[in-house]
Amino acid sequence: MITAMMASSYNAKEEDGHHSGAAGHGGAGADKSRKPDNTAFKQQRLPAWQPILTAGTVLPAFFVIGLIFIPIGIGLYVTSNNIKEFEIDYTGVDSKSECYACARNFSWNSTTPCTCSMNFTLEQPFESNVFMYYGLSNFYQNHRRYVKSRDDSQLNGDPTALKDPSKECEPYRTSEGLPIAPCGAIANSLFNDTLELHYVDSNGTKVEIPLVKKGIAWWTDKHVKFRNPNGNTNLTVAFQGTSKPVNWGKPVYELDPLDPENNGFINEDFIVWMRTAALPTFRKLYRIIQKKSSTTPTLPSGRYILSITYNYPVLSFDGRKRMILSTISWMGGKNPFLGIAYITVGSICFFLGVVLLIIHHKYDNRNTSADIPN
Amino acid sequence: MFRNRPPPEEERRVRANDREYNEKFQYASNCITTSKYNIITFLPVNLFEQFQEVANTYFLFLLILQLIPQISSLSWFTTIVPLALVLSITAIKDATDDYFRHKSDNQVNNRQSQVLIRGSIQKEKWMNVRVGDIIKLENNQFVAADLLLLSSSEPHGLCYIETAELDGETNMKVRQSVSVTCELGDPNNLAAFNGEVVCEPPNNKLDRFCGTLYWKDRKYSLTNQNMLLRGCVLRNTEFCYGLVIFAGPDTKLMQNSGRTKFKRTSIDRLMNTLVLWIFCFLVCMGMILAVGNAVWEREVGSLFQSYLPWDPPVDSFIFSAFLSFWSYVIILNTVVPISLYVSVEVIRLGHSYFINWDRQMFCSQCNTAAEARTTTLNEELGQVEYIFSDKTGTLTQNIMTFNKCSINGQTYGEATDPLGPQPKKLDFTPFNSLADPNFCFYDDTLLESVKVGDCCTHEFFRLLSLCHTVMSEEKSEGELVYKAQSPDEGALVTAARNFGFVFRSRTPGTISTTEMGRPVTYALLAILDFNNIRKRMSVIVRNPEGRIRLYCKGADTMLLERLHPSNQDLMNVTSDHLNEYAADGLRTLALAYRDLSEEQWETWSERQRSAERASDCREERLAAVYEEIEQDMMLLGATAIEDKLQEGVPETIAVLSLANIKVWVLTGDKQETAVNIGYSCKMLTDDMAEVFIISGNTVQCVRQELRAARQRMVELSQSREEGKEVFAEACFLTPDLRGGHREVTEEEEKVEQQPPSPVSSVSPASPAPPLNLMDNISGEFGLVINGHSLAHALEADMEAEFVSTACACKAVICCRVTPLQKAQVVELIKKHKRAVTLAVGDGANDISMIKSAHIGVGISGQEGNQAVLASDYSFSQFRFLQRLLLVHGRWSYLRMCRFLCYFFYKNFAFTMVHFWFGFFCGFSAQTVYDQYFITLYNIVYTSLPVLAMGIFDQDVPDDRSLEYPKLYEPGQLNLLFNKKEFFICIAQGIYTSVVLFFVPYAVLSDATQSSGEPLADYQTFAVTTATALVIVVSVQIALDTGYWTIINHVFIWGSLGLYFSIMLALHSQTLFRIFPNQFHFVGTAQSTLLQPVVWLTIALATAICVVPVLTFRFLKLDLRPQLSDTVRYTQLVRLKKRKLAGRSAGERGWRGASTMSEGRLGARSGSRRSGYAFAHQEGFGELITSGKNMRLSSLVLGSFGSKHSSSWIDTLRRKKHPPTPTCTSGDCSPAPSSICASVPPLSNSSSMMGGSQDTPIEEESDTATVQSVAVSLSPETNGAPAAPQGPGHPHSTAPSSAAERSQAGPPAGWTLSLGAVQEALFGWRNTAPCTNSASSGPT
């Protein structure tokens, strides 16, 4: 690349003979010694640490890795096992499923929402806060064209971007001549099922479980990345001259009309959806069930009813929808893989250490003295 | 440069003083341009040049692809930032280079010269000189253009020039004008001169010119003798006038300085191949993913359109797949990042600087440091297999010293009694005020003989002072400077000067001398000049008394047969002396005179004149006439001149040969000299099984000789192997065989590996051993071939035979070769052996060889600097070659290989993650990482640590790699980076990418933050994978770095720190607020890196990536350690031991003492030869005295007929293929392997003498040294290998006294020269003759 282009071997200076190595050729001035400096750097003698992979360093390293990983793995495994998690698929693929009809009869234009409800039983009570997720499968939120189809300036409340969204939003940039707010495929495909949870107590009455819809988005998303144009005052005016996304039933300033802190671009359901998933099967935080008192479990064991307002079609592309309830520990949700992986890797290291030790002792014919074949 | 050239000239017509006429032909002016650009053309031309590089164009293509929105999977700046960086760095470099070229051009073009314009001399700039101008040159001026010499201040239009810049020869040359023009002395006459020259068009032949001068209706033929070429310097001539024939770019100098052929290293070529492969790999990956995309879009994507419609122009999955292919080409292009090429150049530049900075390659005498003139070849220095060396000026100093002489049957200058004190240098000043103080002679008997007035001695020196072609220059009274055509002649005249026969000055007709303080002037009647056929020169002089005498000096073969019969007795004695001298490697000349009567002279000179006038066969006629008079001469004696070897040449050659580098000497010298030098620099040794001489004159003859040689080699190597087996059995019987046992099995393996191969197909007709058998010839052979035979051997059908024969030999000497043949030999090896060749030389005649070899090394010595200008590396001493190759070359190779391995690894690990991710993102060319990470990964996050490794890494320190030349072998065998290694790196990279993708995938897909938000969002995933990647590759570089200097620490830790800080900055709110559309990742780093699960994931991925690597490395190191590993390990152990020092001091001390004495013995017995080691004849005295040079006769020396006389260097050489299992007593460190520990003395003979007394730090290695020498003795004491250890050993008494002697030696510590070693040796030999005989032992 840097093509050390050779200059032609001719050079005027050299013709002059100034270059000739003989000292004193030019008389005066040639006495200056051209001896290179005696610095450690130039003589390549910088002090250096020269590690060698000897049995004395490698084998202990293996044992140490093993000894660190196995306890961590056990700890992770136990923690993960203590986490309660419940998952229910409500897509309605199966004809026996309660939501079958909703799933089949879906049309974008229907004005009356289709609802269905599913029964399930929690075998064990869920202590502490419970997190409610919705999960989608086979939904490619990580597709390149999908990921880039948004305008962060617009979402950050930039008034010019609001009126003139980025080209990346195509084909969801304008609708009927008006700019779409929020524009792009991500916003357009906002998950809009509504989930409600009812506990069926021992005498058969349905008790609605309060679901908290705030605090589900990242702090930076909520407070930095997403902002309404003109602040949060009078969103209807702020969004005037824009159009709602094609798939949406209502404009963005009506996402949560009751709470101005959760409306427009800073609606947390919207923010959560806009944080695209890395994999085609993903879950997103939907609601939080706060623990009420220290004595009763947040979700006692027993029968529950999940009521779904079925708005979001996934069957067309063979997608699935799930509802997940989970408790949380210091390491997050249930994650058995990590613990098992740590235990496995730790054991392998330990085992390798033993094997290498045996090999080293059996085949090592090098004693400490210098044995340099030549 | 870009001027339209007229069609090539057929012939050149130049009319003097007629610019109008000459302008018709549009000859080039004398302005030279070596620069490439000017201010306006720089940008376009430079960019055009840069985009001729495939890689640059490739990246430009990628950049264009990225501008298409449907394809663009990365932002445009991921490519343009590195590309712009690379282009601008290169442009700046080119611009600086060109600036200096402009400057030097200007300097040359603006030099003043005196031009004759309209009858007056005017000052003109060089660039304004035109063809046809007449210019005036003064003494010591550079010749401005190629001139036809018209007249000069000297009589006969003679002038003297020095052509050092042109052809590298330092001696002065004489040029003479055509007789008719030499009278045109003054400017007026010259202004009227209107002759026309018709000559050949411009060419680059320095020694040929052919033209005709037409003037006043007459024709005069012109030759090179009439030409002054640009670049020459006028000497010893007050002024001269010349007619410009060729100017500027047409001059022979400029015609000779074409662009140097751009040399590429084998790593370069391999790298290019690999890059091509990677590119194919990239296309394959792209295809796979495109097919995946097609399937996905058809099966899933088309259904998913309600949420994600296709882009407007995309209407089918096929088209989508097509676009996706290009998108993936963009994403995956980082497998060959642009930074690869930049980094390689930077590393090479660093290595070049280290070569320039090396103090140990600095010659203080000539104040020259080594110089890497090419920065692109460094790693090739670590792979050299063949060295082609010039002799004169390279192996030898090209300094001739008058060493010995034989006068009237009496030899002078013999080495004095070795037992006596150091002979004193003779002081000539009291005797002769004109003596040259630098002249050294040690035999005062000769001076006595001169003083006494012995007439033969006087005549001898008179001859030397008269019979020569030396020019003298006497600046002030008594301050004589001789300018000799050849250094030997200068040495002879200087000798005569010091012995009282001072040559003062000469005129064409007289020679003035001062004989014993009395000025004498001789009339010079004739010079019968030297040529290669006559091999002698004579002068005929008339002394003041009027006697005419012919003095002749020449090769003894020529001279002795032209002597008067009465000289028979003297001739016998003298030729004995001559043989002795020749055997000592001295250059000899015989001297004779003849008295001529007036009539003889008259008749002869008449015949000579007529011969001189003859137009045809002038040369032959003259030679015949000369022959007539050079008869019946009276022998005076003979001289012996020593051709001094450069410092450290034998040691260097020994070390190089231990490093498995074959050294070939290609010299223009005659066979005898070449062979002598071969012996003196240890290329040829007495240990060699046989030295073959190929000197046939016909094709058949040469073929025959080559075949015979091969036949013989096979026979000898077979018998040798049988011998080995016998010995091996014997060794089994001896007890105490721990070390020996292993050796033997190895030997047996070797034997088994060498079953007679089936008849080769190369030369089926050949009765000689098939060529492929030649590959595994064991035993050491030498080959000497002369230029004549070489010409035949280089013919197409003989090539293969010659190569196979020559390559089976350890040493090859080609003598009497032309510069072209030198290049041909190099090309031959390049072609047939595919080995890396290095040519080293100092003269203009080596340029062709230097240019055609892979690496050209110029010795900046005496013969100008033409070779240096053509070379890739230059330094001033041959011995620096070992450091250049074994230290710098080895390191460069190692570093470059490690760099490349790691570089490909890290980019595959980085890029292939996208491939795996493709399967989960609908093959949509979504990147895993943030675009900024992709941009910065190669140029910021991972570039510096790998650069630091590529520049600073060392596996073993420099002194160790000189100590164990075997460490050089991996480079020759190309072991460290080849296709296999490349695939291993790639595999490792792909493995890492799999781990880096699937571990986060498995962990994060269902994981949530501790606050409940899922972790599987794209940005968290990206940050986790990127962080894991950076950490894994940093751990990997930490494992790869073997030499952690402070810089490595700073770079590795710094890169990690930089990664985190840059990431946090890019994900910060501040940047997002300014450019909300550019920094999507706001807050991701903070929120991700606070999650314990993320760190657990990174740790897990790192462990899974590193543990297998660690395991394999450890196993490799533990079970199959490379030599370098062992050396490293030994050093570690040594360091540890030093810490524990003192504990076992007593025991070691004893061991050291006992073995040390043997070390002394080994050293002594080896260097008993003379300083230049020609005493290898010792023991063959009869052969010498009978006049046969036994070296030339093929002496069959069996491998076990080992000679105690071999020097320690020989011993070392022999160790390379240990002829005997070296079984030593078990208690010491295994000596057989540490033999090489004795090599450091090679570079510094002092340490051999030095020993452990004053260097306790080197204690360990010293014992090793000493032991190894002890081992080296064991073949001599053959039958009883285990014997020589105890203190009661017969050797140990005498050497201790020698040790005392040497300690009591010069106070300057141990900086003894080889000569001092030798001297001490002589001393020792005297004190312990019995030991000597004992050590010779059973042979």
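Is B:Q931 buried or exposed? B:Q931 has 18% relative accessibility and therefore counts as buried (buried means under 20% relative accessible area, exposed over 50%, partly exposed in between, with a 1.4 Å probe and protein chains only). This is a predicted model, in which local features need pLDDT of at least 70 and side-chain atom pairs count only at pLDDT 80 or more, while totals for chains, interfaces and linings use all residues. Residues are numbered from 1 along each chain as its sequence is written, chains are lettered from A and ligands numbered from 1 in the order in which they are written, and side-chain values use heavy atoms, with hydrogens and water left out.

**Stop 1: B:Q931**

Select B:Q931 in helix α28 (residues 931–941) of chain B. Helices (H or I, at least four residues) and strands (E, at least two) are DSSP runs, numbered from the N terminus. Show the surroundings of B:Q931: leaving aside neighbours within four places in sequence, B:Q931 is in contact with B:S75, B:F77, B:T78 and B:Q1078 (contact means heavy atoms within 4.5 Å).

**Stop 2: helix α3 of chain B**

Go to residues 54–66 of chain B, which form helix α3. This helix has 13 residues and reaches 18 Å from its first C-alpha to its last, close to the 18 Å expected at 1.5 Å a residue; the expected span is 1.5 Å times one less than the number of residues. The buried residues of α3(B) are B:A55, B:N56, B:Y58, B:F59, B:L62, B:L63, B:L65 and B:Q66.

**Stop 3: strand β8 of chain B**

Next select residues 196–199 of chain B, strand β8. In a regular strand the side chains alternate between the two faces of the sheet. Here B:E196 and B:V198 point one way, B:V197 and B:C199 point the other way, and all are buried. Strand β1 (residues 12–15) of chain B pairs with β8(B) in the antiparallel sense over four bridges, and strand β9 (residues 210–215) of chain B also pairs with β8(B) in the antiparallel sense over four bridges. Two strands pair if DSSP finds at least two bridges between them.

**Stop 4: a six-stranded sheet in chain B**

Colour the open sheet of six strands, ordered β3-β2-β4-β13-β5-β11 in chain B, with antiparallel pairing. At its edges stand β3 (120–125) and β11 (227–228) of chain B, each with a single partner strand, so one side of each is left without a neighbour in the sheet. Within the sheet, six bridges join β5 (residues 146–152) to β13 (residues 239–246) of chain B, and B:D146 stands opposite B:F246.

**Stop 5: a four-stranded sheet in chain A**

Move to chain A, where an open sheet of four strands has the order β1-β10-β3-β8 and antiparallel pairing. The edge strands are β1 (85–89) and β8 (282–289) of chain A, each of which pairs on one side only. Seven bridges join β3 (residues 130–137) to β8 in chain A; A:G135 stands opposite A:R283 there.

**Stop 6: the cores**

The largest nonpolar core has 201 residues, and A:W273 and A:L325 have the most contacts inside it. A nonpolar core is a set of buried Ala, Val, Leu, Ile, Met, Phe, Trp, Tyr and Cys residues joined through side-chain atoms within 4.5 Å. Helix α27 (residues 880–918) of chain B gives the largest share of this core, 18 residues. Centre on A:W273; beyond four places in sequence, its contacts include A:Y134, A:L136, A:F191, A:F282 and A:Y312. A second, separate core of 51 residues includes B:C366, B:A674, B:V857 and B:I859.

**Stop 7: the interface**

Display both chains: the contact takes 156 residues from chain B and 125 residues from chain A. The two chains bury about 12,600 Å² between them, 60% of it on carbon and sulfur atoms; buried area is the accessible area (1.4 Å probe) that two parts lose on being put together, summed over both. Select B:Y307, B:R359 and B:F1114, which supply 7% of the area that chain B buries against chain A, more than any other three residues. Then pick B:T1111 in helix α37 (residues 1092–1119) of chain B. B:T1111 counts as buried, at 9% relative accessibility, and touches A:F62, A:L352 and A:L356, not counting residues up to four places away in sequence.

**Stop 8: A:S202**

End in the loop between β6 (194–200) and β7 (206–208) of chain A, at A:S202. With a relative accessible area of 79%, A:S202 is exposed. Draw a distance to A:K84, 118 residues apart from A:S202 along the chain: the C-alpha atoms are separated by 22 Å.
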